[in-house]
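Here is a short briefing to read beside the model.

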Amino acid sequence: MIRREFLKKSALSALGLTALGLPMIQAHPFFKNLPKVNRQRIVDRIAELAKFGQDERGHGFRVAYTPGDIEGRRWFMGLMEKAGLNPRIDAGGNIIGTRKGKNPNLKPIAFGSHIDMVPDGGNYDGTLGSLAALEVIEILNEQNLVTEHPLEVIIFANEEGGLIGSKAMVGKLTPEGLQQISQSGLSMAEGIRGIGGNPEAIKSAERKKGEVHAWLELHIEQGGILDAEGLQIGVVEGIVGILDVEVTVEGFANHAGTTPMKLRKDAMLAASKLTVAVNEIVTSMPGNQVGTVGKVEAHPGAYNVVPGKVNLGLEIRDLSFDKIEEILGLIEKRAEEIATETQTSIYFRREPSFNLPALTDSSLQQKINAAALALGLSTKPMQSGAGHDSQQMALIAPVGMIFVPSVGGISHSFNEFTKAEDMENGANVLLHTILAVDKNES
């Protein structure tokens, strides 16, 4: 049985509808009578939020802690206020709005994303999930629907700079992390303070495991799989772990004209062989793992000098922590062989910013898939190759993620784009999944 068919049957089974089949799930009263989001309102707000932080070229620069970010956050909180969410800012700078449920004893269902962007970034990364979360609240208000669970809309601070806000919420933002310099030029502590947080009381932002009933995030795929395959909804199975490793290759700098090729200890040659080896090792294994050498620094860096030292930036991503370790072990073993061949030395140093893989909750996967199928949308189980705040939230709550297509697979770019109908589809799946979680678990 292929995975997509298995996920479809699991979704139907979770709702007691396996025997009825897909036509019946689409006609089931629970799904048939559910409200739908306002597509134009989402589109208009995407365009409006995009204005904050724009440069003279019309490109985005809503980098966390910059004036554009502060203005965009103020605008978003104004919309939350009008929707009755009474937003507040926690010590980590996260914006949190709450809608009461019928049963105050139940834990909240939380959903949202982020609105900060990378320099010269696009208008959909994070923004769609944030505005769709607000749209859910607006639709429930307009339909006079009150859920059993309280609902929380959370807009995380500085997702792009290292999941800073969500790390604060799960108790993983360290004193050292607060002193790191952000892309705004401010330290994380200075930036948090500038957006209304309180780095001196960062522990007060922490929420314990079990305090949130479920976390859901709608996001653009940021890759090209859904777009290339003509599919509408990605049901995220997990978010990959990311291991960054600083690799130092040491040879011997010498005159490029007078040193015979056979007598060289060329650090660049060794680094090049290792770069090729990374690709060979990663592609030789089954699975969706990726490995990248994305940084190269040659020293002394002159035309007429054999490089004596090269620094490489190696990154490995996969849903399995064990596989990441296996891949790194194979690369280190090959590095030993290359060092012997080239008469160099190769050293590996792991960066402290390792993000563990995070699997999404199987029950939430099923509910997302069932909601999509009921809307007549095509689905695909898939992993997220990019990091998200959901990765941190998985430490304290069951997590579900919904992907919609990115045209051409372009993201972190001014040319990033997601079609209006896909945004509407994703927002409807988010809305219906929230209502399914509330109905089935209350």
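Helices (H or I, at least four residues) and strands (E, at least two) are DSSP runs, numbered from the N terminus. This is a predicted model, in which local features need pLDDT of at least 70, side-chain atom pairs count only at pLDDT 80 or more, and totals for chains, interfaces and linings use all residues. Residues are numbered from 1 along each chain as its sequence is written, and side-chain values use heavy atoms, with hydrogens and water left out.

**Strand S6 and its partners**

- Strand S6 covers residues 233–239, and six of its seven residues are buried; buried means under 20% relative accessible area, exposed over 50%, and partly exposed in between (1.4 Å probe, protein chains only).
- S6 pairs in the parallel sense with strand S14 (residues 379–384) over six bridges, where two strands count as paired if DSSP finds at least two bridges between them. Gly-234 stands opposite Lys-380 in S14.
- Strand S15 (residues 399–404) runs antiparallel to S6 and is joined to S6 by two bridges. Here Val-235 has Ile-402 as its bridge partner.
- Strand S13 (residues 358–359) also pairs with S6 over two bridges, in the antiparallel sense, with Gly-238 opposite Leu-359.

**The four-stranded sheet**

- Four strands make an open, antiparallel sheet in the order S9-S11-S7-S12. Strands S9 (290–299) and S12 (345–350) are at the edges with a single partner strand each, so one side of each has no neighbour in the sheet.
- From one strand to the next, the twist averages 20°; axes are lines fitted to C-alpha atoms, for helices over the stretch in contact, and angles run from 0 to 180 degrees between N-to-C directions.
- Strand S7 (residues 241–250) and S12 share six bridges in the antiparallel sense, and Val-245 stands opposite Arg-350 in S12.
- Helix H12 (residues 321–342) lies across S7, strand S11 (309–318) and S12, and runs at about 160° to S12; contact means heavy atoms within 4.5 Å.
- UniProt lists residues 240–340 as "domain: Peptidase M20 dimerisation" in an unreviewed entry. UniProt positions are given in the numbering used here, feature names are shortened, and annotations may be inferred rather than shown by experiment. This span is 37% helix and 34% strand, and its end C-alpha atoms lie 33 Å apart.

**Aromatic pairs**

- The whole structure has four aromatic pairs. Rings of Phe, Tyr and Trp (its six-membered ring) pair if their centres lie within 6.5 Å; planes under 30 degrees apart count as stacked, over 60 as edge-to-face and the rest as tilted.
- One of the pairs is Trp-75 with Phe-76, edge-to-face at 6.3 Å centre to centre and 75° between the planes.
- Phe-156 is in strand S4 (residues 151–156) and Trp-215 in strand S5 (residues 214–220), so the pair ties together parts 59 residues apart in sequence.
- Phe-156 is buried at 2% relative accessible area, and Trp-215 is buried at 0%.

**Backbone details to look for**

- Most residues other than glycine have a negative phi, and most peptide bonds are trans.
- His-299 and Pro-300 are joined by a cis peptide bond, with omega about 5°. Pro-300 is in the loop between S9 and strand S10 (305–306).
- Asp-120 has a positive phi, near 60°. Asp-120 is in the loop between strand S3 (109–114) and helix H6 (127–142) and is partly exposed at 28% relative accessible area.
- Asn-144 has a positive phi near 55°. Asn-144 is in the loop between H6 and S4 and is exposed at 65%.
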